[in-house]
Amino acid sequence: MNAETRTLERNFQPYPARLAPLPPDGRVRVLQFGPSLNVKGGIASVTQLILDYLAPYVSVRHVPTMEEGSTIAKASMFARAVQELRRVLEQPEPTIIHIHFASRGSTLRKMILAEMVARAGRPLVLHAHGSEFDYFHRKLPSAVRRNLNRTLQRATVFLTLSKFWRDFYVDECELSPSQVVILPNPVCVPPEVPDRTNHGEVQIVHLGKLGNRKGVYDLLQAFQTLPEAVRQRARLVLAGDGDVEGVRRAAQTAGDRVIVPGWIDTPERNKLLTKSDVFALASRAEGVPMALLEAMANGLPSLTTPVGGIPDVFQHDAHGVLVKPGDIDEIRAGLLRLITDDDYRVTAGHAARESVRQFDIHNYARRLADIYQRIAPVAEVRAIA
């Protein structure tokens, strides 16, 4: 049992719940804990969107709990986050604490913060993002798992990304259904997208971590085994961090048909989506991937897998192709269809764009602000529609 696991079993000294009335200006105050906004990945993207788009009557401040770098740097940042939370909890001003967590070390660290908030009697929003939290949870020692469940159950509101994850937290973590709210990830829908008809070359793009979990090697193998004539009409771009050099080595035999630029920033990502025709994400585990929503918002049909929350936001045939994770034959067949059937590719892209409007960041921000309003400044569990 490591230090983080042992910490879950410590007894925290409760803070006095000295809540003042809502501030005279009527603003709802929120303190958000999550990775540094400079960290690569979907959680940082979501937290940045929350900061950018929440209504003016919500005052939200982000406290980073993790940054890229050495173990010492990461530990130092988390220690500062604990100190900041302690300072806020000692103040009478009513503040909602919104904690984003994934799995493994992220969960164990964030539960320290969650226990502090719960002991203080303050409104607590736990926001679950981990694509492999179910595997992590089931492998924990039974005593640690029970303690973790008890902490999760103390949330005023528990946010999940999909029906799949709602059912998991209710069934296996024994949360009350009245605590759990499904809030899929948000996306910015651009006002217009390019005309992708009559493209001689079809560009397929993958955005996200490069490695086995995202199915990158499966996708690459399927692409490399396409008929030569089809492959010469297509280009595969694999952008992201992770095992960049390993993917580049595996792609060498494909020549200029496969490009591995590595990590790209937001402006470059937007340019790449504009220039591409198909999005591919052959993941083996997911929450609700931001990259898929961004591709759909940009009018791209997708090849993806029915894992995690993807079936909640993506419809097979209508928006592209769902394939079995790790099934090279199915992935190859899906690529073949999306490369060779021009009319279908364009139609599915248009349908995907219209469908994803329901997850537009403006709708998301209104929903989240409404949740905040309903729990401020009280701390009891409430059912939220």
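Visitor: Let's start with L336. Buried, partly exposed or exposed?

Guide: This is a predicted model. In it, L336 is partly exposed, because its relative accessible area is 32%, which falls between the 20% and 50% cut-offs.

Visitor: Which helix is L336 in?

Guide: L336 sits in helix 14, which covers residues 328-340.

Visitor: And what is L336 in contact with, leaving aside neighbours within four places in sequence?

Guide: L226, P227 and V230.

Visitor: What separates the C-alpha atoms of L336 and R374?

Guide: 49 Å, for two residues 38 apart along the chain.

Visitor: Switching topic. Where is H127 found?

Guide: H127 is in strand 4. H127 counts as buried, because its relative accessibility is 0%, and buried means under 20%.

Visitor: Which side chain makes a polar contact with that of H127?

Guide: The side chain of H98, at 2.9 Å. H98 is also among the contacts of H127 beyond four places in sequence.

Visitor: OK, cores. How many residues are in the largest nonpolar core?

Guide: It has 37 residues. Those with the most contacts inside it are F33, F101, L126, F133, L152, F158 and Y169. Elements giving two or more residues to this core include strand 1 (28-34), strand 3 (96-101), strand 4 (124-128) and helix 7 (163-171).

Visitor: Which helix gives the most to this core?

Guide: Helix 4, with eight residues.

Visitor: What about a second core?

Guide: There is a separate one of 32 residues. V202, A280, L335 and A348 are among its members.

Visitor: Last topic, confidence. What does pLDDT average over the chain?

Guide: The average is 90, and 91% of the residues score at least 70.

Visitor: Where does pLDDT stay under 50?

Guide: Over residues 1-22, and over residues 378-385. The model has 47 contacts beyond four places in sequence for residues 1-22. For residues 378-385 it has 22 such contacts.

Key: Residues numbered from 1 in each chain as written. Predicted model: local features only at pLDDT ≥ 70, side-chain atom pairs only at ≥ 80, totals over all residues. Heavy atoms only, no water. Core = buried A, V, L, I, M, F, W, Y, C linked by side-chain atoms within 4.5 Å. Buried < 20%, exposed > 50% of the residue type's maximum accessible area, 1.4 Å probe, protein only. Helix = DSSP H or I, 4+ residues; strand = E, 2+ residues; numbered from the N terminus. pLDDT = per-residue confidence, 0-100. Contact = heavy atoms within 4.5 Å. Polar contact = N/O pair within 3.5 Å; in protein donor to acceptor, adjacent residues only side chain to side chain.
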